Amino acid sequence: MQGWVAASRRRRKARESLQARSMKNPMYQVASLLLEKLLLLANLRLCSEGPGAAEEEAKPASSCDATRFKRGDLLEVPRTLFVHFGIYLGDNRVAHLMPDILPAFTDDQRQIQQVVTNKRLVLGVLARMARIRVDTVEDFAYGGSILANHMDEAFPSKALCEEEVARRAEKLVGATAYSLLWNNCEHFVTYCRYGSAVSFQTDKFCETVKMIIRDQRSVLASALLGLASIVCLGLAPSTTLPTIIIPFFLWMAG
């Protein structure tokens, strides 16, 4: 009996010793923390997937009802960092300008007409290549909510007649040059609907850049970043010249 008690005490001490060593091991703590977080996320996901989740996912599709749009309407879809624009042509078709690199590699219209992926879009922006293409309302919205003629209130010029707007958009369908600041989807739709190519997003971006340049704190910030790059990367022309030139030009421009 005494031997069994002694053996039980030894097993308990060994188990406590193992737990103590495990808690001192940082890798064990990190693994435990990650496991707890993953289990928490899994529980939250399971709780969120109910009848209401399916209804929430179906909501954006209801905003793509083409029957509420008229030929010549200016459509816009708010995205995370920007707003995308298009012209409604009727029969569930939207003309819109999209950066796209694929036409540089193939003439196959079936491939080109497929929905533009993010990779195609980014490479198109870098290569300054785009197409004014015609897609369905659903493909144009890409899961977002659509606003119709929202720009009419802000634009100084009166909108052209709806048929003229649609005709202008149809004539421009095809390959075009792209510029993030000077020839984007907003320039396309404002030319079609109002007769002049304007981008409020570009104007806002340029005003923000002007504010940053005029703020003298940007001179100090650029100088500190330059000094940090010299400390981290060493004294070299690639670090020294930007440290001098960039603050100088910011100071002169401000």
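Trainee: How many helices and strands are in the protein?
Mentor: The protein has eleven helices and six strands. Those are DSSP runs numbered from the N terminus, with helices being H or I of at least four residues and strands E of at least two. It is a predicted model: local features need pLDDT of at least 70, side-chain atom pairs count only at pLDDT 80 or more, and totals for chains, interfaces and linings use all residues. Residues are numbered from 1 along each chain as its sequence is written, and side-chain values use heavy atoms, with hydrogens and water left out.

Trainee: What share of the residues is buried?
Mentor: Of the 254 residues, 29% are buried. Buried means under 20% relative accessible area, exposed over 50%, partly exposed in between (1.4 Å probe, protein chains only).

Trainee: New topic. Where is threonine 202 found?
Mentor: In helix α9, residues 200-214.

Trainee: Is threonine 202 buried or exposed?
Mentor: Buried, because its relative accessible area is 4%.

Trainee: And which residues is threonine 202 in contact with, leaving aside neighbours within four places in sequence?
Mentor: Leu180, Leu181, Trp182, Asn184 and His187. Contact means heavy atoms within 4.5 Å.

Trainee: What lies 3.1 Å from a polar atom of the threonine 202 side chain?
Mentor: The backbone oxygen of leucine 181. A polar contact is a pair of N or O atoms within 3.5 Å; within protein, one must be able to donate a hydrogen and the other to accept it, and residues adjacent in sequence count only if both atoms are side-chain atoms.
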